[in-house]
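Subject: Structure handover

Hello,

Please find the structure below. My notes on it come after.

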Amino acid sequence: SWKVFQIMAEFVEGFERLAPIWPAVSIFGSARTPRDREDYQKAEQIARLLSDSGFAVISGGGPGIMEAVNKGGYFGKSPSIGLNIQLPHEQTANEYQDIALDFRHFFSRKVMFVKYASAYVVMPGGFGTLDELAEILTLVQTGKSRRIPIVLVNSRFWSGLLEWFRGTLCREETIDPEDLDLMYVCDDPKEVVEAIFAHYEARGFEPSTAEREIMLEL
């Protein structure tokens, strides 16, 4: 029973501390990416552009791409948020977080990534990054989350996976070809920001009444 209260506490703290943060973009990528890698530098630039454009940036709070994201947001105009997870290895909190939350459970942490995000940006990464990508695609595809931009950065990295989606999943009819339209692929940091603004150009960032109902259920 104490475990239930522990889980509840993670949700309550997350809801209370992140509710004022709007709009925000959740950005994902590998914890293992070194600082001299192009993907690290590109993630930092994307986060800085988004922060200066008025978006809070949310990362997993750890090293690698997550550090780059928080660093870019930290030196920008909007809050830099880290949703840290306690792991046996890899996860040590980076120093560039205006708001830092700590989680023991992946599922409560995932809710925070989705609930407060106006867009998802997915940098190259491993199983954790793929898990977050599959999560948001599933939620949007099934109508459990509102439609938000899902931007994959680095076309070379993602090309094999997208080709498998087209050549296998669509052929076997496990997804519809239209499901691939849920994602954008960009290489330039400015393109990422432009894709997000283009998505909201005709409708604004404020959720509709129907979307608010969906978000309340997350």
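The notes run from the overall fold to individual residues.

This is a predicted model, in which local features need pLDDT of at least 70 and side-chain atom pairs count only at pLDDT 80 or more, while totals for chains, interfaces and linings use all residues. Residues are numbered from 1 along each chain as its sequence is written, and side-chain values use heavy atoms, with hydrogens and water left out.

Overall fold

The protein has eight helices and seven strands; these are DSSP runs numbered from the N terminus, with helices being H or I of at least four residues and strands being E of at least two. Its radius of gyration is 17 Å, close to the 17 Å from the globule rule for 218 residues, so the protein is as compact as a globular protein of that length. The radius is taken over C-alpha atoms, and the rule is 2.2 Å times the number of residues to the power 0.38. Along the principal axes, the C-alpha atoms fill a box of roughly 45 × 40 × 35 Å.

Of the 218 residues, 51% count as buried (under 20% relative accessible area; exposed is over 50%, partly exposed in between; 1.4 Å probe, protein chains only). Contacts (heavy atoms within 4.5 Å) were taken between residues at least 6 apart in sequence, and 70% of them join residues at least 24 apart.

Aromatic pairs

There are ten aromatic pairs in the structure. Rings of Phe, Tyr and Trp (its six-membered ring) pair if their centres lie within 6.5 Å; planes under 30 degrees apart count as stacked, over 60 as edge-to-face and the rest as tilted. One of the pairs is F75 with Y96, whose ring centres are 6.0 Å apart and whose planes meet at 55°, so this pair is tilted. It links distant parts of the chain, 21 residues apart: F75 lies in the loop between α3 (65-74) and β3 (80-85), and Y96 in the loop between β3 and β4 (99-103). F75 is partly exposed at 45% relative accessible area, whereas Y96 is buried at 15%.

W164 and F165 form another tilted pair, 6.0 Å centre to centre with 45° between the planes. W164 is partly exposed at 45%, and F165 is buried at 12%. Ring pairs also link F28, F113 and Y120 into a cluster.

S159

S159 sits in helix α6 (residues 155-169) and is partly exposed, with 38% relative accessibility. Between the C-alpha atoms of S159 and R109 there are 28 Å in space, and the two residues are 50 apart in sequence.

Regards
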